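Please keep the sequence and the model in view while reading.

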Amino acid sequence: MADILYKYKDSVYANITNKCNCSCTFCIRSQKDGIGSADTLWHETNPTKEEVVEAIRNYDFDGFEELVFCGYGEPTCALDTLLLAAKVAKEEKHLKTRLNTNGLGNEENGRNIVPELSKVIDSVSISLNAPDTARYQEVTRPRFDDGFSKMVDFATKCKGQIGEVKWSIVDVLPETDIEKCRQLSDQTGIQLRIRHFT
Ligand code: SF4
């Protein structure tokens, strides 16, 4: 049975679904079954929103200030669960909430979900992954056409509605791509976080 909540480094993470609308070439799911305190993050069946809420209510968050929605799947593919779980985490556990996402939640859900997210999510980290459409399609292999502009549009909508919005890339990208990502960050005013690839 996969863990719904797990610890990784200094945070508690919520693994609410294994569904994803991308097939990234670098996805950690193809390398190992679990991360941090979780031996496996593969659910036999995806948890219901009631099961996720129960896991949050029963978890001892002593010493932790934030719950991060990030597991072996894209959290916005289980939007109802994400919204309810984040609400419970904030209202009942007094936690900050962060969403790590591929930024394709609007396309997945067929509407602009940012106003709903903004009510229960304090910060968003969006995987930028690549500096342009061609590279993005190649690396993330999304289920949608032109995923890059859809992801950029989502990030732009988040800015101004959600407290903290960041793009993230890993430092294995060629320096020319990193520079283009920096330029996009400057143009949009969305901060860029360059993570070290481990
Ligand atoms: S979006 Fe995340 S979970 Fe989905 S394939 Fe890419 S890295 Fe894996």
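Tyr72 is buried, at 1% relative accessibility; here buried means under 20% relative accessible area, exposed over 50% and partly exposed in between, with a 1.4 Å probe and protein chains only. The model is a predicted one, in which local features need pLDDT of at least 70 and side-chain atom pairs count only at pLDDT 80 or more, while totals for chains, interfaces and linings use all residues. Residues are numbered from 1 along each chain as its sequence is written, and side-chain values use heavy atoms, with hydrogens and water left out.

Rings of Phe, Tyr and Trp (its six-membered ring) pair if their centres lie within 6.5 Å; planes under 30 degrees apart count as stacked, over 60 as edge-to-face and the rest as tilted. One of these pairs joins Tyr6 and Tyr13, and it is stacked because the ring centres are 5.4 Å apart and the planes stand at 25°. Tyr6 is buried, with a relative accessible area of 3%, and Tyr13 is buried as well, at 10%.

Trp42 and Tyr72 form an edge-to-face pair, 5.5 Å from centre to centre with 70° between the planes. This pair links distant parts of the chain, 30 residues apart: Trp42 lies in the loop between strand E2 (11-14) and helix H1 (49-58), and Tyr72 in the loop between strand E3 (66-69) and helix H2 (79-91). Helices (H or I, at least four residues) and strands (E, at least two) are DSSP runs, numbered from the N terminus. Trp42 is partly exposed, with a relative accessible area of 34%. Elsewhere, ring pairs link Tyr6, Tyr8 and Tyr13 into a cluster.

The strands come next. Seven of them form an open sheet with mixed pairing, in the order E1-E2-E3-E4-E5-E6-E7; two strands pair if DSSP finds at least two bridges between them. Strand E1 (5-8) and strand E7 (191-195) are the edge strands, each pairing on one side only. Within the sheet, strands E4 (residues 96-101) and E5 (residues 123-127) run parallel and are joined by four bridges. Arg98 has Ser123 as its bridge partner in E5.

Most residues other than glycine have a negative phi. His94, in the loop between H2 and E4, has a positive phi near 55°, and this residue is exposed at 66% relative accessibility. Arg141 also has a positive phi, near 45°. Arg141 sits in the loop between helix H5 (133-140) and helix H6 (147-158) and is partly exposed, at 44% relative accessibility.
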